[in-house]
Every structure is written in C-alpha cells, then in structure tokens.
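Please look at the sequence and the structure below before reading on.

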Amino acid sequence: MHRTGALFGQFETLEQQKDTASLGMWIFLVTEVMFFGGIMLAYTINRHTYFHAFAMGSKTLSLTLGGTNTVVLLASSFTMAMGVWSAQVGKKKLLPVFLTLTIVLGFVFFGIKYVEYAQKFHHHLVPGRNFDITYCVNNPTRCEDMSAEEIKAERVELEEAQAADPDLNAHAQLYYSAYFGMTGLHALHMIIGAGLLFWLLGQSLKGRFSPEWNTPVDLVGLYWHFVDIVWIYLFPLLYLIDRHN
Amino acid sequence: MADHEHAEHTEHIVPPRTYMIIIFSLLCLTAATVAAAYVNLGPLNIVVALVIATMKATLVVLFFMHAKYSPKRTKLVIMAGIFWLAILLFMTLSDYASRVDYRGIRYPMTQNIALVPSPRA
C-alpha cells in the first residue's frame, strides 16, 4: 500500500490517479450488483410462484427489528459519508470519530441480526430437517417470546396460507432459504466492511490521511454505501410482503 | 495529452449539510415504505416498495457515493451496470412469463403442487 500518495508514473495528476482508483472500485461494485441481482431474480421467481408461502414467511419476521436495522444501517452510511468529508477537508481528529461511529453502528446491526437469527433457530424456521412453519402455532409454550395475540394472529395467517397452498411447509422453506441466503451474504459483506473500517481507523489514528491523499477512505466508503443499498432492497423484499392482510 | 481540455478541477467536496438532508430524506422514505406496505394496493404494493427503494438507492449513489460529481467515465460504468442488471432481469423474467412446460402448464406452476406433493405435506 502506497501510503504517501505519491504520483505513479502512468498518471499525469494525483486527481487522475484518484479517479482511476475510484473507477476500479465502481467496476468491482458493478460485479457485486450482478451478484446480488442474480439472487434477487431467483427470489422474484419463487415469490411469484409461491406467493402465499412467501407472505406467510415474511409475516413471521419482526418488522420492529428489521426496521430498526434499516435505520441503523442508513445512519452508519451517514457517519461514513461524514468520515469521507472529514478526510477530504483534513479534519484529522474527526475522521477516527466518524469511523468509530460507523463501526459501532455496524456492530449494532450485527447484534440485532443475531437476535433475529437466534429467534428463527428457536422457532424451527431454519430450512432443513427440522423446519416447521407450524411450530409456534402448535407449540405456543415453546415460543415463549411470542405473546398470545401474536400466536393467535399467526394461527389465522397460517390457516389461510395452508388453504391456499397445500405444500406450505416446503415452499416456506424456499422463503427462508432466500432470507438466510440474502441476509447472510449481506452480513458477510458487512463483516468484510467492518474489517476494512478497523484498518482505516488504525491508519487514521496514525494521521495517514490528508486532503491530498485519502483514497482508501473514499473507496471503503463506496463499498460501505453499496452494502447499505443492498439492504435498502432487502428490507422491503423480505420484511414487507403482504403486510396489509 | 497536456493540451487536452482537461482543466484540473479540484475534487468536489460535498458539504455535511447535503449529507444531513440526504439522511433525513432516506429516513422519511423508510417510514413511507413501511406505511405503504400496510395499505392494500393489490399488485401495486411491490411496485411502490421497489420505486421507493430505488429512490433511496439513487440518493445514496448520487450523494453519499458522489456519483453526481464523478467523471463521465465513472457515470458510464454505473449506467452500464444498471443496464446489464436490466438485461438479466428482463430476459429471465420474460422467459418465465412466456414458458409452457412439457405438460402444457404455463408458469406460474403453482397448479402442479397437488401433482407432486413433498413427503412432509
């Protein structure tokens, strides 16, 4: 890693050098768009074919936790953008503060995601041998984190969905495969992003970034915002199916 | 190359005020998408959700990711990426929308569920 921001021979100006780096990052992000795009396409086809199972699956997710995570991630994008700004204007003390805030918000996201995943394991909603979409309705005492009203509402939804789709349990697994696949890959991207942020934080504490050279901050920023965009799509796709019913 | 009309424009710095307006808009749009999900719009529910998500993504790309102030070359890469995604979605979905399987059953094939039940059903 070239720390000083010296001009490499193939470039005319430092600005051209930075534009080239950011162009390379964008090309990488475009490949990421295709990566997530393919998964969302598979989701779309399954959702269209097994709509009742997907709607049922979506309603077992907590909108409060999902919505909170959306706000947390948007806020982390804001602190990241402010970090890039701090680097650009040479506020060397402010940059580590914003990077730390971004990391903290990232970990709040992981924490909430952990609570959600743990709940799904507890409720037998992980695709595989023990998957049972009827588990909480049939064993309300085992799902002690759900109130009687929630169980009651879920029973009504379950009966409607079962009437519309006789093989609901199999198709609900498709929804949950999409849920774990998409949120899992998103979380993996965030873990990589958090690693990069820790590295940036270390470098920023050493005062390595200046208005003349802050390319790594800029590029990690692009990556972090991209991960935010993926979640912007995942939230309505996974949490908001058929909520009005 | 040196005489090329490539005035050395210094890097555009987006002020914090803009970032604050953007994050506020993003939070409002998040509230809007949740509110819209509770209104029965029939088949339009998913359309509204995706339109709002795309508006949010556009704000993030243009301002947080500085695409609005990027060189034309970078904008071309972004547009090409969106275009390629559109090809992926359009071609595959038009295949599914017009497909008839070997039994003469059109997509969506939900009618087949009763024909091939899973062992657990």
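Helix 3 of chain A and helix 4 of chain A are roughly antiparallel to each other, a term for angles over 145 degrees, whereas angles under 35 degrees count as roughly parallel, 65 to 115 as roughly perpendicular and the rest as oblique. The model is predicted: local features need pLDDT of at least 70, side-chain atom pairs count only at pLDDT 80 or more, and totals for chains, interfaces and linings use all residues. Residues are numbered from 1 along each chain as its sequence is written, and chains are lettered from A and ligands numbered from 1 in the order in which they are written.

**Helix 3 and helix 4 of chain A**

- The axes of helix 3 of chain A and helix 4 (residues 94-122) of chain A come within 8 Å and cross at roughly 165°; axes are lines fitted to C-alpha atoms, for helices over the stretch in contact, and angles run from 0 to 180 degrees between N-to-C directions.
- The contact of helix 3 of chain A with helix 4 of chain A has, by class, 17 nonpolar, eight polar and two charged residues.
- In these classes, Ala, Val, Leu, Ile, Met, Phe, Trp, Tyr, Cys and Pro count as nonpolar, Asp, Glu, Lys and Arg as charged, and the others, Gly among them, as polar.

**The two chains**

- Chain A has eight helices and zero strands; helices (H or I, at least four residues) and strands (E, at least two) are DSSP runs, numbered from the N terminus.
- Chain B has three helices and zero strands, and its pattern along the sequence is α-α-α.
- The C-alpha atoms of chain A fill a box of roughly 70 × 35 × 30 Å along the principal axes.
- Of the 245 residues of chain A, 38% count as buried, and of the 121 residues of chain B, 17% do.
- A residue is buried if 20 or more other C-beta atoms lie within 10 Å of its own, exposed if 12 or fewer, and partly exposed in between, with C-beta atoms placed from the backbone.
- Among contacts between residues at least 6 apart in sequence, 77% in chain A join residues at least 24 apart; for chain B the corresponding value is 33%. Two residues are in contact if their C-beta atoms, placed from the backbone, lie within 7 Å.

**Helix 1 and helix 8 of chain A**

- The axes of helix 1 (residues 14-49) of chain A and helix 8 (residues 215-239) of chain A come within 10 Å and cross at roughly 15°.
- Helix 1 of chain A and helix 8 of chain A are therefore roughly parallel to each other, and helix 1 of chain A passes helix 8 of chain A in a right-handed crossing.
- By class, their contact has 12 nonpolar, two polar and three charged residues.
- A:Glu15 lies in helix 1 of chain A and counts as partly exposed because it has 15 C-beta neighbours inside 10 Å.

- A nonpolar core is a set of buried Ala, Val, Leu, Ile, Met, Phe, Trp, Tyr and Cys residues joined through C-beta atoms within 7 Å.
- The largest nonpolar core has 74 residues, of which A:Ala53, A:Met56, A:Ala81, A:Val230, A:Leu234 and A:Leu238 touch the most other members.
- Helix 8 of chain A gives the most to this core, with 18 residues.
- A:Val230 touches A:Phe36 and A:His186, residues up to four places away in sequence not being counted.
- The buried residues of helix 2 (residues 51-59) of chain A include A:Ala53 and A:Met56.
- What covers the buried residues of helix 2 of chain A includes helix 1, helix 6 (148-164), helix 7 and helix 8 of chain A.

**Where chain A meets chain B**

- 44 residues of chain A are in contact with 45 residues of chain B.
- Helix 1 of chain A provides the largest share of the side of chain A that touches chain B, 15 residues.
- By class, this side of chain A has 24 nonpolar, 13 polar and seven charged residues.
- B:Leu26 is found in helix 1 (residues 16-37) of chain B and counts as buried because it has 25 C-beta neighbours inside 10 Å.
- B:Leu26 touches A:Leu74, B:Lys56 and B:Leu59, not counting residues up to four places away in sequence.

Note on methods:
Left-handed = near helix turned anticlockwise from the far one by under 90°.
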